[in-house]
Structures are given as C-alpha cells and as structure tokens.
Amino acid sequence: MNNVIVVIGAGSIGVAIARRVSAGKHILLADLRKENAEAAAAVLSNAGFEVSTATVDVSSPEAVKSLAQKAAALGDVTGVIHAAGVSPSQASPKTILWVDMYGTAVVLEEFGNIIARGGSGVVIASQSGHRLGALTNEQNKLLATTPS
C-alpha cells in the first residue's frame, strides 16, 4: 500500500515542502482551483513524483472530508502539508477568518481522524495573524479547545 502525502494549497511553499518529504510516496495535491493543482502536479510529475490532484475548499467541511476519504483510498496518509490560505490583498477579513482559521481547524480535525500512526503534518500560517494585537489567554484556550 502507498504512503500518501497530502498537500493542500498548490503554491510554492506547499510544493517545496512536498519535494523534500515525498520521495517514494504518492502526493495528493489539492487546491481550490483545479488548474493550480494540475500545474503544480505537472512540475512534481516531471521531477519524478507520483501525483494525483483534487479540488477542495477548506472552508467546506464536506469538501475536506471528501478529500480525506480520497487520500485514505490511495493508501496510508503519513503526511499532511496544509498551505492553503488567503491574505489581506486577496480577501476580506471575513474570508480570511473563514479560510485561514476555520479552514485550518477543519483540515486538522478531518485529517486527524485518518492520518496513519506516526504520521505528521505542517500548517503554513499567514502573516495576517500578526496584524492584530495578541490574543488573551482565554481566547488562546478557546482556539485550542473549541471543536471546528
């Protein structure tokens, strides 16, 4: 059975990490835009990686669950690289929170249910989180413990 690395967000950072950790593994590359996933997949395929693609909206629990199921069907999910997000130059504050914060929680929750024993993940965070003041201890606790 294949070991699978899931890359969510087909940008340069996610692809660069995938190149470092995916030798001998199947890469499932997902992005909101199919053409972005396919372009990144072509680069990885040309470099010798086994790659398949999917589309996903990380702010949709159903879409993320479907992606997790697709990944599990490919083999043992041993890694998740979550590099999807939007910035203030791309989206409104509401969309940033919906995608960057809620979407990350959904990804961690769904892939936490299916990741193989000993698997790992990395979340690439946006600098947008540093534009506001520090959260209180209570807010940090709520962020860490509230289900998505």
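S59 is buried, at a relative accessible area of 9% (buried means under 20% relative accessible area, exposed over 50%, and partly exposed in between, with a 1.4 Å probe and protein chains only). The residue belongs to the loop between strand 3 (50–55) and helix 3; helices (H or I, at least four residues) and strands (E, at least two) are DSSP runs, numbered from the N terminus. The model is predicted, so that local features need pLDDT of at least 70 and side-chain atom pairs count only at pLDDT 80 or more, while totals for chains, interfaces and linings use all residues. Residues are numbered from 1 along each chain as its sequence is written, and side-chain values use heavy atoms, with hydrogens and water left out.

Two polar contacts involve the side chain of S59: one with the side chain of D57, at 2.7 Å, and one with the side chain of W98, at 3.4 Å. A polar contact is a pair of N or O atoms within 3.5 Å; within protein, one must be able to donate a hydrogen and the other to accept it, and residues adjacent in sequence count only if both atoms are side-chain atoms. Not counting residues up to four places away in sequence, S59 touches W98, Y102 and G103, where contact means heavy atoms within 4.5 Å.

## Packing of helices 3 and 4

Helix 3 (residues 61–74) packs against helix 4 (residues 93–114) at an angle of about 35°, and their axes are 9 Å apart. The axes are lines fitted to C-alpha atoms, for helices over the stretch in contact, and angles run from 0 to 180 degrees between N-to-C directions. The crossing of helix 3 and helix 4 is right-handed; a crossing has this hand if the near helix is turned clockwise from the far one by less than a right angle, and is left-handed if anticlockwise.

On the side of helix 3, the contact is made by P61, V64, K65, L67, A68 and A71, and on the side of helix 4 by Y102, V106, V107, E110, F111 and I114. By class, ten of these residues are nonpolar, none is polar and two are charged. Ala, Val, Leu, Ile, Met, Phe, Trp, Tyr, Cys and Pro count here as nonpolar, Asp, Glu, Lys and Arg as charged, and the others, Gly among them, as polar.

## The nonpolar cores

A nonpolar core is a set of buried Ala, Val, Leu, Ile, Met, Phe, Trp, Tyr and Cys residues joined through side-chain atoms within 4.5 Å. The largest has 22 residues, of which V6, I8, V58, L67 and F111 touch the most other members. Strand 1 (2–8), strand 2 (26–31), helix 3, strand 4 (75–82) and helix 4 each give two or more residues to this core, and helix 4 gives the most, with five residues. L67 is in contact with V6, I8, L28, A30, A54, V56 and F111, leaving aside its neighbours within four places in sequence.

Apart from this core lies another, of 13 residues, including A10, L29, V51 and I81. A10 sits in the loop between strand 1 and helix 1 (12–21) and counts as buried at 13% relative accessibility. Beyond four places in sequence, A10 touches V15, L29, A30, D31, N36, A37 and A40. A10 and A47, 37 residues apart in sequence, are 16 Å apart in space, C-alpha to C-alpha.

H26, in strand 2, is buried with a relative accessible area of 6%. The side chains of H26 and E50 are joined by a polar contact of 2.9 Å. Leaving aside neighbours within four places in sequence, the contacts of H26 are N2, N3, V4, I5, E50, V51, S52 and L74.

A54 lies in strand 3 and is buried at 12% relative accessibility. Its contacts, not counting residues up to four places away in sequence, are L28, L29, A30, D31, A37, L67 and K70. A54 and E38 are 16 residues apart in sequence and 8.7 Å apart in space, C-alpha to C-alpha.

A18 belongs to helix 1 and is buried, with a relative accessible area of 0%. With residues up to four places away in sequence not counted, A18 touches V7, I27, F49 and I81.
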